[in-house]
Amino acid sequence: FGYRKVHAEVVEPEPEPIYETVVDTTWYDDVTYNDVKKDGNIDKRIFYALCESDINADEPQIKEVAEFLKEVENGEVVITAYADKGTGNPRLNMQYSKDRALKTKKALIANGVDEKMIKTTEWKGDTVQPYENDNDKNRVCIITGHGVYVQKEKVVTRKFKTSERKVRVN
């Protein structure tokens with residue numbers, strides 16, 4: 001038997017893979033809301049026809065005042081009613097303005113307003129004319145009020161988060 005020389009091909013082993021750590025950064029907006037107290041005011045006017053003093057509890061201005069008072073802290077309103085000087089007489093006009101003021105107060109209470117929030121209910125008759133140049137507009141009940149309401153203020157903070165991952169280099 002003879003020996004035969006066999007040349008085997010030498011196979012180099014695969015090199016071990018090399019990995020690197022990569023850090024990924026992701027930016028995002030973190031949104032929060034702060035409560036900010038603000039002063040709120042309301043001014044509503046209800047106009048009447050001649051010799052009228054009735055008001056419906058569904059009157060839009062009454063609803064708006066009631067909603068305002070439900071949404072504020074320490075809310076209060078002043079109701080002031082008037083009559084026009086161009087018609088009637090002072091005694092009759094005082095009665096009309098009184099009826100307008102008291103019926104407005106009653107309508108607000110019917111809409112859920114706490115009576116304690118109605119600071120003043122007054123009637124001026126025709127002694128004061130809020131609209132000097134427009135007699136018909138002086139048949140009016142003016143509701144003014146204020147209170148503190150809380151408004152949500154958006155605060156955006158730019159933040160980031162990181163994550164690591166392995167990446168094969170070779």
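The side chains of arginine 139 and aspartate 136 are joined by a polar contact of 3.2 Å. A polar contact is a pair of N or O atoms within 3.5 Å; within protein, one must be able to donate a hydrogen and the other to accept it, and residues adjacent in sequence count only if both atoms are side-chain atoms. The model is predicted: local features need pLDDT of at least 70, side-chain atom pairs count only at pLDDT 80 or more, and totals for chains, interfaces and linings use all residues. Residues are numbered from 1 along each chain as its sequence is written, and side-chain values use heavy atoms, with hydrogens and water left out.

Arginine 139 sits in the loop between strand S3 (118–123) and strand S4 (140–168). Its relative accessibility is 8%, so arginine 139 counts as buried (under 20% relative accessible area, 1.4 Å probe, protein chains only). Beyond its neighbours within four places in sequence, arginine 139 is in contact (heavy atoms within 4.5 Å) with residues including Ile46, Phe47, Tyr48, Tyr82, Asp84 and Arg100.

The protein chain holds two helices and four strands. These are DSSP runs, numbered from the N terminus: helices are H or I of at least four residues, strands E of at least two. From the N terminus on, the order is β-α-β-α-β-β. Along its principal axes, the C-alpha trace of the protein chain spans about 150 × 30 × 25 Å. Of its 170 residues, 27% count as buried. Among contacts between residues at least 6 apart in sequence, 84% join residues at least 24 apart.

Key
Buried means under 20% relative accessible area, exposed over 50%, partly exposed in between (1.4 Å probe, protein chains only).
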